[in-house]
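Please read it with the sequence and the model at hand.

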Amino acid sequence: MKRREIKVADKIIGDGHPVFIIAEIGINHNGDLEIAKKMIEGAKKAGCDAVKFQKRTPELCVPKDQWNLERDTPWGRITYIEYRHKVEFGEKEYAEIDRYCKELGIMWFASCWDEPSVDFIEQFNPPIYKTPSASLTDFELLGKHKKLNKPVMMSTGMSTMEQIEAAVNFFGKDNLLLAHATSAYPCKNDELNLRMIETLRKKYPDIPIGYSGHEVGLAPTWAAVALGACFVERHITLDRAMWGTDQAASVEMGGLQRLVSNIRDIELALGDGIKKVYDSEKGQIQKLRRVK
């Protein structure tokens, strides 16, 4: 059987390797490059392996009947399509993100919600892509990713098992990683269904399985690691009280440091599952065991 691992740049994601930790910036930058750079810096300091953004072509991703719906935003009361443009970075911003991530030594990539967005992000040659849960049934978009012949993380929120199977069958197992997710922001603990990580690991023994969490708090993500997640992703923010739809389900910088530090502790504590007597126990044998 093929080993459950995939090489991404200088990292290997899979069983027996350190958990690959992704700080999802998404659109929590609210269209402000300096906020994005502060989050990149925070993710690097916390020890994350990568930061991730989201890229959309608003006219393709927003249903036309929602274009002119007005909403209150940091830029005043504007239409939804105007808002979607406000939070999208263009070539200038992504060129600076690319430069800054290389300067800090942290990987970056993006979830692309439409085919032109894939073409846009590909100019920066990211080592991996992610497809959002909303796109699991979009075979045209999945096919676009497949043609790149690069690793792709496929998020599985808001999907049935049959839809996941169809997407995996279409994309193929080469270059594929699956992320368990529940697409509620924030997600209630009783809807996280973390044992799906075990279900996916059993069903796809040759695909790295991870977790994309949208809960409040850190414990479920630690539990996901204990259940065998090879990679984890959490939305991050400078302040959960900031304006934006994803902020409440995000982790602030202090929490991100605890998240990463404790994941590394959990990895050490899990061990290899082979019973042994450690040198540190041998003195206790002499002192405490009556029958040797």
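On a 1 Å grid over the protein atoms alone, a pocket is an open set of points with protein on both sides within 12 Å along at least five of seven lines, a cavity is a set of points where a 1.4 Å probe fits but cannot get out, and lining residues have an atom within 4 Å of a point. Grid points are joined across faces, edges and corners, and a volume is the space filled by probe spheres set on the points. The model is predicted: local features need pLDDT of at least 70 and side-chain atom pairs count only at pLDDT 80 or more, whereas totals for chains, interfaces and linings use all residues. Residues are numbered from 1 along each chain as its sequence is written, and side-chain values use heavy atoms, with hydrogens and water left out.

- The largest pocket has a volume of about 360 Å³. Of its 22 lining residues, Q54, R56, W113, P132 and Y185 are the closest to the centre.
- Two elements, β4 and β12 (231-235), each give two or more residues to the lining of the largest pocket. Helices (H or I, at least four residues) and strands (E, at least two) are DSSP runs, numbered from the N terminus.
- The lining of the largest pocket comprises 6 nonpolar, 9 polar and 7 charged residues. In this scheme Ala, Val, Leu, Ile, Met, Phe, Trp, Tyr, Cys and Pro count as nonpolar, Asp, Glu, Lys and Arg as charged, and the others, Gly among them, as polar.
- The second largest pocket has a volume of about 310 Å³. It is lined by 13 residues, of which D15, G16, H17, E267 and L270 are the closest to its centre.
- By class, 5 nonpolar, 5 polar and 3 charged residues line the second largest pocket.

**Cavity**

- The whole structure holds 1 cavity of 30 Å³ or more, and the largest cavity contains about 30 Å³ of space.
- The lining of the largest cavity consists of I21, I22, A23, V232, E233, R234, I236, L256 and L259. The elements β3 (20-26), β12 and α10 (253-270) each give two or more residues to this lining.
- This lining divides into 7 nonpolar, no polar and 2 charged residues.

**Helix α5**

- Helix α5 spans residues 115-122, and E115, S117, V118, F120 and I121 in it are buried (under 20% relative accessible area; exposed is over 50% and partly exposed in between, with a 1.4 Å probe and protein chains only).
- The buried residues of α5 pack against β4 (50-55), α4 (91-104), β7 (107-112), β8 (129-131) and α6 (139-148), where contact means heavy atoms within 4.5 Å.

**Backbone features**

- The peptide bond from Y185 to P186 is cis, with omega near -5°. P186 is placed in the loop between β10 (176-180) and α8 (196-203).
- N193 is placed in the loop between β10 and α8. Its phi is near 50°, a positive value in a residue other than glycine, and N193 is partly exposed at 47% relative accessibility.
- N175 lies in the loop between α7 (161-171) and β10. Its phi is near 70°, also positive in a residue other than glycine, and N175 is partly exposed with a relative accessible area of 22%.
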